[in-house]
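Thanks for coming, everyone. Please have a look at the model on the screen, and then I will walk you through it.

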Amino acid sequence: MKLATRRVLDRSFSGLGFFSIGIMAASLVVMLAPMFVRGLDAFVFKATVEHRRLMLERLGRGNRDATSGEVTRAASARQPVYDMITRFKTEINDYSADQRRIYRGAVRDLESLVRELLGPFPGEAQPVLIRQQFGQTRWDRAQAKIREILYVESYDYSDPTKMGVRIETPRVEAFRGTSLEALFPYIEAHAEEMLRPRTTVYWRFLFDGSMDAHFFGGIWPEVLGTFYLTFGAMIFAVPMGIIAAIYLVEYARDTWLIQLLRTCISSLAGVPSIVFGLFGLAFFINTLHVSESKSVLAGSITLAVLVLPTVIRASEEAIRAVPLTYREAALSLGAGKWHTIVSVILPAALPGILTSIVISMGRAAGETAPIIFTAAVSVGKPLKLWETASQPTPALPWNIYNLATEHEAVDEIRHIQFGMVLTLVVLVLLLNVTAIVLRARVSKKLRG
Amino acid sequence: MAPTLLATLRPPARPEVSQEGLTAHVSAREFSVFYRKVEAVKQVSFDIPSGLVTAIIGPSGCGKSTFLRAINRMNDLIPGCRARGELVFDAANVYSPEVDVVALRQRVGMVFQKPNPFPKTVFENVAYGPRLQGTRDRVRLASIVERSLVKAALWEEVKDRLSENALGLSGGQQQRLCIARALAVDPEILLMDEPTSALDPRSTTRIEDLIGELRGSYTIVIVTHNMQQAARISDLTAFFYEGVLVEYGPTQRLFTTPEKKQTEDYITGRFG
């Protein structure tokens, strides 16, 4: 081949490689950047006075005097709203019966929206649900509510060939010519005084329990549940995996049975994770009765079975990669087989084994399907260690799915959902970084 | 026959060893080793005398390493490898089923072609064997380590680096460390499988000097590709060719007046 041709080939290949790596990096950025930006929104956001009131009343956090001062100032800014509504309600008694009916309905809608924005009216009985005891705690949610107050949303379905067209009409139209007309400009102009938004760092989001099904509070039960499940899976998978790998490399003869076993292990690694979930339910819970119903224990064992093939294969490779000369040296000094394995082969294979363990941890932490049937619930308290044998737990991957699809007010708690996504992604990234660092450290120690 | 060439190979003044009056430490009697169907060592019979250096030479694939590794049964690691005939050490056939392989290997130490220290500290490398034998006492271990390193002529170089990783030593130092590690178990026989083939000339000289120092205290069997080396350091030389022991005798005589044509051809470099 001519020199020029070879050069062109070389260049185009390295160009192609560079291009694909560039695509990889770009997609990583495209994927991770929104996760970080939106996830960070759960930790750093503009919190209203309601947030500070919630923290103070429910968790005893924050400056009592400053907060109650703020609450008083906010209340005086809110007073005209309540006054206007009360005055209007007495006014409509003078209207004709038809008008009265229309206005009553309209003002009832308005009142419930105002309650959602600012909390219960002064003097009203305290509602049962926490979400009704407080107004909007986040400024972004509050602004969305204000928009709902100012505009009535409706859909025009008159053209059947098209999707419904959204129409927003100012709510003030319904009250045109009445005293309540002044309410809407007032809310628009005084929103900040009524809610007093301030940028807040809520790092305790990670360590607070959820309040009222994630309407307020943090994600500690999910974080803790994920830790329990991950480490539980490792407790089962690591010893079994390493022992199996030692057996396959050092003791098993190369028979057709062992070949078959190897093939089975490889195929097990490719089984869809939902199948493992169903298997866990059918076998560990319904057949072996490791727990009465879903539990962290059952979920951990199921996850262990899921990651076991990975641990076995990677450990096998690591043990196989230990130079034969180490074995020879140990044996020639009069070491038995078992002693050779423990004192020479395992330490030399340690970097590879550790990497496989940490990567499996990342996998176990992120798996959703296996825990749906075996361990996960959508709402729960953080568990004590001894409760894990019998109690189910919320966990990050499952609750991300749950909050995105099955929560009663998906739109209101998007920030929690993204906070969970960020936490999980950071957790898995940290585990992978640990794997890399650990590997480098141990390899360096071995190489001297 | 070219006497001048042979003269260059002649070892420097080294007393001629007569084979009579020596006590055999290891005796092979019609001893064969098979790799599945292939007979790698074919019915060899000879005695390895106690306290001397015996070299085994021959071209690649002649079965010399296989024979060496049979003495401490390192061939057991190779699947499908079996032996026939007798290889007697301490009044027992090494390959008889009653033999405790672990005990055998503690009495027959081995140094390999490539330096293979464990990825542990210098101290731990040498202490590995004694620990296996149950020595736990730190002071006793330390004295064994020092004695072994002194014997292996490495003590002066590593006495301040005992807690460093052995893989940080130079190749020659690593090989002497492996010798020290083998000596720490206090073996009777030391098998060396081309111990200098991966080393530079300077390190080779040091190892050869070391073998000279160990001569007398241990029975040494060394496999080597390097005929000058065999001539320099050994008392007796065995020439293997295609699994057969062609000639065996005092090194001096074998290199000056070989009895067999094949031996002469090999040591004069006509093949091999």
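One definition before we start. A residue is buried if 20 or more other C-beta atoms lie within 10 Å of its own, exposed if 12 or fewer, and partly exposed in between, with C-beta atoms placed from the backbone.

Now the ground rules. This is a predicted model, where local features need pLDDT of at least 70, side-chain atom pairs count only at pLDDT 80 or more, and totals for chains, interfaces and linings use all residues. Residues are numbered from 1 along each chain as its sequence is written, while chains are lettered from A and ligands numbered from 1 in the order in which they are written.

Take B:Glu194, in the loop between strand S7 (189-193) and helix H8 (201-214) of chain B. Helices (H or I, at least four residues) and strands (E, at least two) are DSSP runs, numbered from the N terminus. Is B:Glu194 buried, exposed or partly exposed? B:Glu194 has 19 other C-beta atoms within 10 Å, so it is partly exposed. Its phi is near 45°, a positive value in a residue other than glycine.

B:Glu242 also deserves a look. Its phi is near 50°, positive again in a non-glycine residue. B:Glu242 sits in the loop between S9 and S10 of chain B. It has 14 C-beta neighbours inside 10 Å, so it counts as partly exposed.

That takes us to the sheet. In chain B, six strands form an open sheet, ordered S6-S7-S8-S3-S9-S10, with mixed pairing. Two strands pair if DSSP finds at least two bridges between them. Which strands are at the edges? They are S6 (108-111) and S10 (244-250) of chain B, each pairing on one side only. From one strand to the next, the twist averages 15°. Zoom in on S3 (residues 53-57) and S9 (residues 236-241) of chain B: they pair in the parallel sense over four bridges. There, B:Ile57 stands opposite B:Phe239 in S9(B).

Next, helix packing. Two packed helices are described by the angle between their axes and the distance between the axes. Axes are lines fitted to C-alpha atoms, for helices over the stretch in contact, and angles run from 0 to 180 degrees between N-to-C directions.

In chain B, helix H5 (residues 138-151) packs on helix H7 (residues 171-184) at about 130°, with the axes 8 Å apart. That makes H5(B) oblique to H7(B). For the terms: under 35 degrees is roughly parallel, over 145 roughly antiparallel, 65 to 115 roughly perpendicular, and the rest oblique. Residues of H5(B) including B:Ile144 and B:Leu149 meet B:Ala180, B:Leu183 and B:Ala184 in H7(B). Two residues are in contact if their C-beta atoms, placed from the backbone, lie within 7 Å.

Over to chain A. The axes of helix H6 (residues 139-150) and helix H7 (residues 183-195) of chain A come within 11 Å and cross at roughly 165°. That makes H6(A) roughly antiparallel to H7(A). Among the H6(A) residues in this contact is A:Trp139, and among those of H7(A) is A:Phe184.

Last stop, the interface. How many residues of chain A are in contact with chain B? 16 residues of chain A contact 22 residues of chain B. On the chain A side, the elements giving two or more residues are H12 (324-332), H13 (337-366) and H16 (414-447). H12(A) supplies the largest share, six residues.
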